[in-house]
Amino acid sequence: MDSAALARRLLNPIPNPNPNHNHKSSPFLSTGCRPWRRPLSVSVRCRQTPNPTPTPPPTPGSLLSCSAVAAQEAPAAPEFPRLRLRRLVDEFRSLPEPIDRVKRLLACASALPPFPEAARVPSNRVMGCTAQVWVMASLDDLGRMRFAADSDSEITKGFCSCLISVLDGALPDEVLEVKPEDFGDLNVVGLPGRANSRVNTWHNVLISMQKRTKALVAEGEGRTPAEPFPSLVIGVDGIQAKGSYAEAQAMFLSPDELKIKELVNVLREKKIGVVAHFYMDPEVQGILTAARKQWPHIHISDSLVMADTAVKMAEAGCQYITVLGVDFMSENVRAILDQAGFEEVGVYRMSNEQIGCSLADAAASPTYMGFLESASKSPPSLHVIYINTSLETKAQGHELVPTITCTSSNVVPTILQAFAQIPDLDVWYGPDSYMGANIAELFRQMVSMLDEEIAEIHPEHNRNSIKSLLPRLHYYQDGNCIVHDMFGHEVVERIKELYCDAFLTAHFEVPGEMFSLAMEAKRRGMGVVGSTQNILDFIKNRVQEALDRNRDDHLQFVLGTESGMVTSIVAAVRGLMGSSESSSGRAKVKVEIVFPVSSDSVSKTSVNGSHGLDSVTANDLAKLVVVPGVAAGEGCSIHGGCASCPYMKMNSLRSLLRICHQLPDKDSTLRAYEASRFNATTPLGKSVAEVGCEPILHMRHFQATKKLPEKLVHQVLKQSSDGSAVSEGWIL
């Protein structure tokens, strides 16, 4: 009998042929753990032992001694799930001691019907639970939901029993209207803290039930299931590509050995270091990932680490640094190397054309300067600028308003520390509008948190301080990343439908809907919101936890950032699996990376669009139905992704090899490829490089000490005391 047949058999039991028979029940069973069973003519209720004298409200002991009784009654309509939920919550609230609540959960676990062994399959597993949990669902002939569940943990089994007691027999709409907070926020299990793994179990099992409910309703209405997003499934036995885009990505995950050898030889011969951003196309990243096993001076990271790594490469003897990223990244590398005393080390970009960035362009606009003019008229003010901006913008901004650079991983602690360290401060963040809105929303959510929870985020804040800072937080509202802008309403709705029970990752730059979805997942231990490095670390940690459990598992991650991240993710996951594979008898863990594809970022393939590829590869790609890339040309149809930066894809392997082979540049043929060294001056006559680097140095101080540097605090307060918008005196 297959699992579907077993599910129907379990979830639609044969009616009781002998309604007069009194069933034996658990002595601890209460209505809180008993699901509704329509076909049976026997009803179950929980009552206290009769007592002729008045008694005070029930004590924990008396509740635990309540007995289940069976009585012959006519079939009755089921209670509304909300009523059952309220009774369940009231019951647990009446048990003040955690040990009594644990006893109640164990009693509920014993009441859960047996779950067929053959149904313990990956498709029935609930992701995100420390214990193994299985859930099945079906619709009965009255259109009501029927659930079955089990776990290898008795306490988790008790959670499942309680959930089934509330939702079994409910109408689909009633199942879908129940919220995770109805359990977690009411502290049902007596374990405080929203991030607690026990509360996460309630959330994740409930969401799994609701996902199955939606699918059954859609099937019953004859609706065509939504097309799943493309994905890559990584296992110890290889990689499986699902969908055309995933096939295009997977093509370069096993790079050409001859190209690897060519690159390593020229890098070693000419002492060239390579710093690359995570968002490179899969061919470049595949080659670099393999090559760095033979040449240590290759580094792939987010933008913050690139310049620091370049300095280390120069210290190790590298004479040239090639930068695979957008122009502000190569500018930063050039300026930081100069600051560190490595002016003689050459820095080269991968195109003789401008490699732009929509965020950097937004910050260089007159509108953004107008935003900062407003800030300069409201002292004391601090300008928190995203690192994804040019050195010139940082310099101009710093002369208008004291400025500190931030990244997507440290922006929240930077702003919170600034408010804590400088009284009556106004903070002006830019240029990413989505990130600014997400920061403001995060702070609004913090107002409803406990002071203890806020203190874990920043020890000097509480609800009152967070509430007071909200009116003094300003963010620019006309700038965004064209990549993360793709994660809009259409993508979010499909994630809710198909991947609500998966791990969800999102960059801080995504639109608000995606941010809220990821934050909800984060609260139940199923998501992360942050930088590219935060996303990579989250995936690695979850995979390592699964490997440590040594059980067959399938982890599914929705990648809410630029698709170039996949190469680093695949390399990291393979590394973890390889280190665990040596042990005999290892369980099979598979990791699926899902690429959310907007219809706005998919175009038909074309052999003519396969420039730069050999004929065999171009012909292979032409066979794919669709590949990512905006039809209007803003994407990169062959090299790009569902969320793919067209600027980043200007960094090709061909360019990297050509530049490396032509070094040293004795006849100046590579002059157009050199990273800009700013000899220009600011409006106040100071060096752009010197003034533009200072906000970065302020950030480095904050990262090292968790405090704003005294120099920056002095600049902010001097602006306030001078009462002027621009002061030559604070740039020291």
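This is a predicted model: local features need pLDDT of at least 70, side-chain atom pairs count only at pLDDT 80 or more; totals for chains, interfaces and linings use all residues.
Colleague: Why is Thr532 called buried?

Modeller: Buried means under 20% relative accessible area, and Thr532, with a relative accessibility of 2%, therefore counts as buried. Thr532 has its place in helix α23, which comprises residues 532–549.

Colleague: Which residues does Thr532 touch, leaving aside those up to four places away in sequence?

Modeller: With that exclusion, Thr532 touches Phe278, Tyr279, Asp302, His507, Thr561 and Met565, a contact being counted where heavy atoms lie within 4.5 Å.

Colleague: What puts the buried residues of helix α15 on the same side of α15?

Modeller: The buried residues of α15, which spans residues 366–376, are Tyr368, Met369, Phe371, Leu372, Ala375 and Ser376. They cover an arc of only 150 degrees around the axis, and therefore they lie on the same side of α15. In general, an α-helix has 3.6 residues a turn, so residues three or four places apart point the same way.

Colleague: How do you describe the packing of helix α3 and helix α5, and which residues make the contact?

Modeller: Helix α3 (residues 81–93) and helix α5 (residues 154–167) pack at an angle of about 145 degrees, and their axes are 7 Å apart. From α3, the contact involves Pro81, Arg84, Leu85, Leu88 and Phe92, while α5 contributes Cys162, Ser165, Val166 and Leu167. Sorted by class, this contact has seven nonpolar residues, one polar and one charged.

How values were computed: Residues are numbered from 1 along each chain as its sequence is written. Side-chain values use heavy atoms; hydrogens and water are left out. Buried means under 20% relative accessible area, exposed over 50%, partly exposed in between (1.4 Å probe, protein chains only). Helices (H or I, at least four residues) and strands (E, at least two) are DSSP runs, numbered from the N terminus. The arc is that of the directions from the helix axis to the C-beta atoms. Axes are lines fitted to C-alpha atoms, for helices over the stretch in contact, and angles run from 0 to 180 degrees between N-to-C directions. Ala, Val, Leu, Ile, Met, Phe, Trp, Tyr, Cys and Pro count as nonpolar, Asp, Glu, Lys and Arg as charged, and the others, Gly among them, as polar.
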